[in-house]
Amino acid sequence: MGNKQPNEQQLYIGIDGGGSKCRATIYSDDGQQLGTAVAGRANPLHGLEQTFQSMIESSQLALVDAGFAPDTCHQLVAGIGLAGVNVGQFYQQIIQWQHPFKAMYLTTDLHTACIGAHHGEDGAVIITGTGSCGYAHVGQQSIILGGHGFALGDKGSGAWLGLKAVEHVLLALDGFACSSKLTEILLNYFNAKNAIDIVEQLAGQSSSAYAKLARIVLMCAQDGDAVAIAIVQDGANYISELARKLFVLNPSRFSIIGGLAEPLTPWLDNEIASKISPSISPPEYGAYLFGKKQFLTQPIANVNHQ
């Protein structure tokens, strides 16, 4: 294992990069999964070098998982869906990357998530993980909403839930808000006795540090904590309204994906929750479908000629 060479069949790699992790999966020409792996975050908003490193690392690990040598990236056609590339400058910087693949085709993680969720067909998708955003594609029309990044947006996301919880704890410690079970649990989580203890630990931290707190907020909400319920319901109301705006295009299918999709669903408006269809395939499969389609229609675009 780990040293055989890909055969004459064209192999593809689908990469899904976000604020917490980067998953790469290798597929055969007929869509069979051969190997998969996860590396660190891959959102250019958090640094291009980190993004490139995570894509390379996850790709090499996926090759090993598939039984190939880790240095055979140059034989793979890559479809890549990344958070943050809806910002034009990041898209251009990544497109200009001296990538290690045979060819590379880049789009947003929203686009590849939607392709995967509906197996290449039209539809709508909301991602609720570290961040949050919505995307719908029907015919020649598409809508992208949210996805502005932490802490400017991403309402209803894991990072947003964590941020709102910490904000409340700090207000409570300063006497501006009532304490609750959530306050107590977060103080224990940070092993903190005062506001400064928390501020010091979170100073300069990324969205993923706040997203780790989301499970605590959801747990407290389920246990009836009024503060946690208010935070979760506010986030869920936003996600419900986001879905309504995507439904303007009348998508035939609608999915919610990401780490918070399941725990947040019970808090959504019933009319929205009732329209949720399970995601058919993961985002990295959507990236594979995207990359394959691009390669077959424009095979010389962004090819590594080294």
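Okay, let's start at a loop: His119 sits in the one between α3 (109-117) and β6 (123-128). Helices here are DSSP runs of H or I with at least four residues, strands are runs of E with at least two, and both are numbered from the N terminus. Phi of His119 is near 55 degrees, a positive value in a residue that isn't glycine. His119 is partly exposed because its relative accessible area is 37%; buried means under 20%, exposed over 50%, and partly exposed in between, using a 1.4 Å probe and protein chains only.

Before I go on, the housekeeping. This is a predicted model, so local features need pLDDT of at least 70 and side-chain atom pairs count only at pLDDT 80 or more, while totals for chains, interfaces and linings use all residues. Residues are numbered from 1 along each chain as its sequence is written, and side-chain values use heavy atoms, with hydrogens and water left out.

Asn191, in the loop between α5 and α6 (195-202), has a positive phi of about 50 degrees, and it's not a glycine either. Asn191 is exposed, with a relative accessible area of 65%. Then there's a cis peptide bond joining Phe150 and Ala151, with omega about 5 degrees. Ala151 is in the loop between β8 (141-146) and α4.

Now zoom out. The protein chain has 12 helices and 9 strands. Its C-alpha trace spans about 65 × 45 × 35 Å along the principal axes. Of the 306 residues, 53% count as buried. As for contacts, meaning heavy atoms within 4.5 Å, residues 24 or more positions apart account for 67% of those with a separation of 6 or more.

So what's inside? In soluble globular proteins, nonpolar side chains tend to be buried together. By nonpolar core I mean a set of buried Ala, Val, Leu, Ile, Met, Phe, Trp, Tyr and Cys residues joined through side-chain atoms within 4.5 Å. The largest one here has 46 residues, and those with the most contacts inside it include Ile126, Leu182 and Val232. Helix α9 (residues 226-246) gives the largest share of this core, 9 residues. Leaving out residues up to four places away in sequence, Val232 touches Leu161, Val217, Leu218, Ala221, Leu264 and Trp267. There's also a second, separate core of 25 residues, with Met55, Phe68, Leu76 and Ile94 among them.

Have a look at helix α8 (residues 214-222) next. Ala214, Ile216, Val217, Leu218, Cys220 and Ala221 are buried there. What do they pack against? The answer is α4 (158-173), α5 (181-189), α7, α9 and α10 (261-264). After α8 comes Gly224, with a positive phi near 95 degrees.

Over in α7 (residues 207-211) we find Ser208. Ser208 counts as buried because its relative accessibility is 18%. Not counting residues up to four places away in sequence, Ser208 touches Gly19, Ser20, Arg41 and Thr130.

Last stop, Ile80 in strand β4 (residues 76-82). Buried or exposed? Ile80 is buried, at 0% relative accessible area. Beyond its neighbours within four places in sequence, Ile80 contacts residues including Ile15, Met55, Phe101, Leu106 and Ala287. And how far apart are Ile80 and Tyr288? They're 208 residues apart in sequence, and 7.8 Å apart in space, C-alpha to C-alpha.
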